[in-house]
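User: I would like to learn how to read a protein model step by step, starting with the overall fold and ending with a single residue. Could you take me through it?

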Amino acid sequence: MAFELPKLNYAHDALEPHIDAKTMEIHHGKHHAGYTSKLNAAIEGTDLEGKSIEEILQNLDLSNGAVRNNGGGFYNHRLFWEVMSPDGGGNPSGDLAKAIDDAFGSFDKFKEKFSNAAATQFGSGWAWLCVHQGGSLEVCSTPNQDNPIMPNVGCAGTPILGIDVWEHAYYLNYQNKRPDYIEAFFNVINWDKVSELYKANK
């Protein structure tokens, strides 16, 4: 079964003014669609065909650039759309809020650490909030389309929140002001979804 571009749960303009409709349209309909089709081409006729994206990435041969880049691009963007919502923003609650306090001291300190990881990722890449078995949390970043479920990328755990800091994610609206985009992202985070992922993977 070939991978398919996931549908968005909201309209392209639903995250405005924080993320503009044109960026969403190109990001989802062109970039994510491109990663999806190139991933399918890269695994066609190989022993990776028919496996889940998690199975593929967890056991990835990092020298396989086509699967690394396009498989990562498929997985990362699928999570990215899920953890945003027109009704997002605010603060997490419940178990996730406690875990954030335990790991970082407070939500504000978490926000500072996550924002710094996103702002200082050189060139293209992602910043992540990851959960480890047992429920502890970690913030880290990866270059390009790498992610924490890949082996030996210097960042581990299961991602439950990620921000895309490739320029295609923000340049139309924010130009070179990546920190402004990162700040705006906090207004659309779907903390209910992040909490759900936390509970499922801790």
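This is a predicted model: local features need pLDDT of at least 70, side-chain atom pairs count only at pLDDT 80 or more; totals for chains, interfaces and linings use all residues.

User: How does the radius of gyration of the protein chain relate to that of a compact globule?

Analyst: A compact globule of 202 residues would have a radius of gyration near 17 Å, and because the protein chain has 16 Å, the two agree. Along the principal axes, the C-alpha atoms fill a box of roughly 50 × 40 × 30 Å. Buried residues amount to 49% of the 202 residues, and of the contacts with a separation of 6 or more, 68% join residues 24 or more positions apart.

User: What does UniProt place at residues 3-85?

Analyst: An annotation should be read together with its origin. The unreviewed UniProt entry gives residues 3-85 as "domain: Manganese/iron superoxide dismutase N-terminal". In the model, this span is 57% helix and 0% strand, and its end C-alpha atoms lie 23 Å apart.

User: Which residues line the largest pocket, and which element gives the largest share of the lining?

Analyst: The largest pocket contains about 180 Å³ of space and is lined by E54, Q58, Y75, R78, L79, E82, I149, T158, P159, L197 and N201. Two or more lining residues come from each of α2 (53-58), α3 (65-82), β3 (158-164) and α8 (191-201), with α3 giving the largest share, 4 residues. By class, the lining comprises 5 nonpolar, 3 polar and 3 charged residues.

User: Is F107 buried or exposed, and why?

Analyst: Here a cut-off is needed, since buried means under 20% relative accessible area. F107, which lies in helix α5 (residues 107-120), has a relative accessibility of 13% and therefore counts as buried.

User: What is F107 in contact with, leaving aside its neighbours within four places in sequence?

Analyst: Contacts of this kind show what the chain brings together. Those of F107 are G90, N91, P92, I100, D101, F186 and W191. With P92, the separation is 15 residues in sequence and 8.4 Å in space, C-alpha to C-alpha.

Note on methods
Residues are numbered from 1 along each chain as its sequence is written. Side-chain values use heavy atoms; hydrogens and water are left out. On a 1 Å grid over the protein atoms alone, a cavity is a set of points where a 1.4 Å probe fits but cannot get out, and a pocket is an open set with protein on both sides within 12 Å along at least five of seven lines; lining residues have an atom within 4 Å of a point. Grid points are joined across faces, edges and corners, and a volume is the space filled by probe spheres set on the points. Ala, Val, Leu, Ile, Met, Phe, Trp, Tyr, Cys and Pro count as nonpolar, Asp, Glu, Lys and Arg as charged, and the others, Gly among them, as polar. UniProt positions are given in the numbering used here, feature names are shortened, and annotations may be inferred rather than shown by experiment. Buried means under 20% relative accessible area, exposed over 50%, partly exposed in between (1.4 Å probe, protein chains only). Contact means heavy atoms within 4.5 Å. The radius of gyration is taken over C-alpha atoms; the globule rule is 2.2 Å times the number of residues to the power 0.38.
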